[in-house]
Amino acid sequence: FQRLSAAFPTTASDATAFSGVVMRTGVPALIADYRAQRSSAEAVLSVAAAGLLSLAAGAIVMVALLVVSWRRGSLELARGRGASTFLLLGTQAGEGLLISVPAAAIGYLAATWLVPGRDNPASLWLVVGVCLTAVLALVVATWPGARRITGWRARDDAPVLRVSPRRLVLEGTAVLIAAAGVVLLRQRGLTIGAGGILRFDPFLAAVPILAGLATGLVVMRLYPLPIRAISWLAARRRDVVPILGLRSVGRQSAVLNVPLVVLLLAAAFSTFATVVTVSVDRGQWRAAWREVGADYRVDAGQLGPEAAQTLQAVSGVQVVAPIVSEPGTGFAGRPGQRATIFLNAVDPEAYDGITAGSPVAVSWPGAMLDPLDEAAGPPGSDANPIPAILSGELPVATPPMGEGSTFQLTLAGSRVTMRVAQVRQAFPGVPEGIPFVVAPYSALAGATERELPVSAFLVRGRAGLEQPIADAAGLPAGSTGILSREARYTEMRSAPLVRAIGSGFWLAMLCAAAYAGIAMIAALALSSARRRQDLALLGTLGLSRGQSLGLTAVQHGPPVVLALLPGLALGLVIALALLGSLGLGAFAGDEAVVVMVIDWGAVAVVTAALLLTVGAAVAVGTAAAHRLRPVDALRLGHD
């Protein structure tokens, strides 16, 4: 099509040199729109995939730590009998490959079967990356025990030691890199390459995850401070449950804080996905309103003058307003100029009834609402110009115009003088990117020699009136002469790429909650032995079952809250930083940039779902701890 456009003219005036051949096609525009939507979908889903992979990595790390903890005795025995470090690590790596390779292959085949499409080499590389991550996590978890013959720590929840300066420097560097990535992403966005087409950039796609990890590091280092403060206040109480639970939280191992980072990332990712999904949906809703300009738009066509009364009589119709839309109206912004402009003539009061409470409700300038002073001269004359709204984009060779400037329109055989009452960049029902003028219908009709032909009727009414309106107007079923805002909104929502983003995000949120639950269960299993012993010993001192449940709640409640709140805030910040650079306007009709919309109800539902998932994980992980008999507490550690 590009070669055809370069070889043949697109207007009849240039066709003489080509024997009258003119090429006119709309396919390149359709391809361009599809490319914009596809590239935007790839950019959005790449961010979602990066977040999901990071959550999966956290869950794999916790499972690897749990596996190595369960095998601590056998590893110590093998090391004490002469097994080398290389042998132990090699054994763990081989076992990791035996477990991860079949699982990854099954997952790859299942994804290929469930999501048909063209083969992509990146899929195989991601499968290899998942396998290597699982093996590396298992080997790194085995490394401390494989290096020494004996001496693994006796407690599963050893107190946190003072952080070394080297670790602080490394963590500070990671935080600074994440901050620099956020600033770069905010300034540059995901738009790279020619023509503003979005391309996948691994670093930019990973910036939200880096920001999440940096926030997790900061939370892990700072959350003991409020815990200590609350513990100090709890020590002033007479009951023992709060102080014991908070002291236990304050001294837990840094390894057991990994699930909190996973939970923080899950909350951030779920919030980001919710904001993106709701923002795109609201953007499509606003775009449908702007494109149609009303609930229904009925082309006048062969309809008679009584069409307004006929449409008003349809059950469910509230307001009917006639409009005049003339794309090729003669325009002159200076003497001798011959140009055309899109004329949209409406009745301001009737149009207010059409759009009341909608996102396209117009704030009319006062001059367009006041009647013309007929004593000043005939309406539309140089002495009594008609006030109108003029677009910021003007026809070629038009001098700059502001409020108070005058211009002429040639309409229905008359030359009408207009005065600019307001300058606007867009107006509902007018196509984007073209010069337009909006004038009051009654004043314009009184200034022309011939009657202005009505182009269409705007109708306000409930949903589902397409067929009754078509019957009243005498139009066949499914006629293109009726444009429904609800139908246009449904059409944009049902587009394949839009549905792919929505389905992908909801599936990813379910997986994120599952990964958070897996990580939490693994962490609880790692510390289960020590917690069972503590509960059993406290039971011998008179701790009731209700108090033991309260102790469990105090141990897990504050860390979960301190992970969820920063995660929710981080998700909102990431959405604010990325929403303008993801190209989501391609899914919202003619809307250039999708405005960030926060649905607090959806955020509350996501938060409740995560809390329920974590609560279920805590219940599963602590069920075994409450079954231990007090007499069995003396045997723990000696089996």
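## A tour of the chain, strand by strand

Select strand 4 (residues 386–391) and strand 7 together: two bridges join them, and they run antiparallel. Helices (H or I, at least four residues) and strands (E, at least two) are DSSP runs, numbered from the N terminus, and two strands pair if DSSP finds at least two bridges between them. What you have open is a predicted model, where local features need pLDDT of at least 70 and side-chain atom pairs count only at pLDDT 80 or more, while totals for chains, interfaces and linings use all residues. Residues are numbered from 1 along each chain as its sequence is written, and side-chain values use heavy atoms, with hydrogens and water left out.

**Stop 1: around strand 7**

Stay with strand 7 and click on Val437. Which residue stands opposite Val437? Leu390 does.

Next, colour strand 7 (residues 436–440) by burial. Buried means under 20% relative accessible area, exposed over 50%, and partly exposed in between (1.4 Å probe, protein chains only). Five of the five residues in strand 7 are buried. Phe436, Val438 and Pro440 lie on one side, with Val437 and Ala439 on the other, and both faces are covered.

**Stop 2**

Select strand 8 (residues 456–461). Six of its six residues are buried, so strand 8 is largely enclosed by the rest of the structure. Show the side chains: Ala456, Leu458 and Arg460 point one way, and Phe457, Val459 and Gly461 point the other way.

**Stop 2: a loop and a strand end**

Go to Ala397, in the loop between strand 4 and strand 5 (406–411). Its phi is near 65 degrees, a positive value in a residue other than glycine. Is Ala397 buried or partly exposed? With a relative accessible area of 48%, Ala397 is partly exposed.

Then pick Ser414, in strand 6 (residues 414–424). Ser414 counts as buried because its relative accessibility is 7%. Show its contacts (heavy atoms within 4.5 Å): not counting residues up to four places away in sequence, Ser414 touches Leu409, Ala447, Thr448 and Glu449.

**Stop 3: along helix 5**

Now select helix 5 (residues 121–147).

Where does helix 5 kink? Look at Ala141, shortly before the proline Pro144, where the kink is about 30 degrees. The bend at a residue is the angle between axes fitted to the seven residues ending there and the seven starting there.

The buried residues of helix 5 include Cys131, Val135, Leu138, Ala141 and Ala146. What do the buried residues pack against? Show helix 2 (27–70), helix 3 (72–80) and helix 4 (85–114).

In helix 3, click on Arg72. Arg72 is partly exposed, with a relative accessible area of 26%. Draw a distance from Arg72 to Ala146: they are 74 residues apart in sequence and 9.9 Å apart in space, C-alpha to C-alpha.

**Stop 4: helix 20**

Move to helix 20 (residues 600–623) and find Thr607. At 13% relative accessibility, Thr607 counts as buried. Leaving aside neighbours within four places in sequence, Thr607 is in contact with Leu564 and Leu568.

**Stop 5: zoom out**

Show everything. The chain has 20 helices and nine strands, and 43% of its 639 residues are buried. Of the contacts between residues at least 6 apart in sequence, 77% join residues at least 24 apart.

Finally, colour by pLDDT, the predictor's confidence in each residue, from 0 to 100. The chain averages 78, and 80% of the residues score at least 70. Over residues 151–161, however, the pLDDT is below 50, and this stretch has 28 contacts in the model beyond near neighbours in sequence. Where pLDDT is low, the predicted coordinates should not be read in detail.
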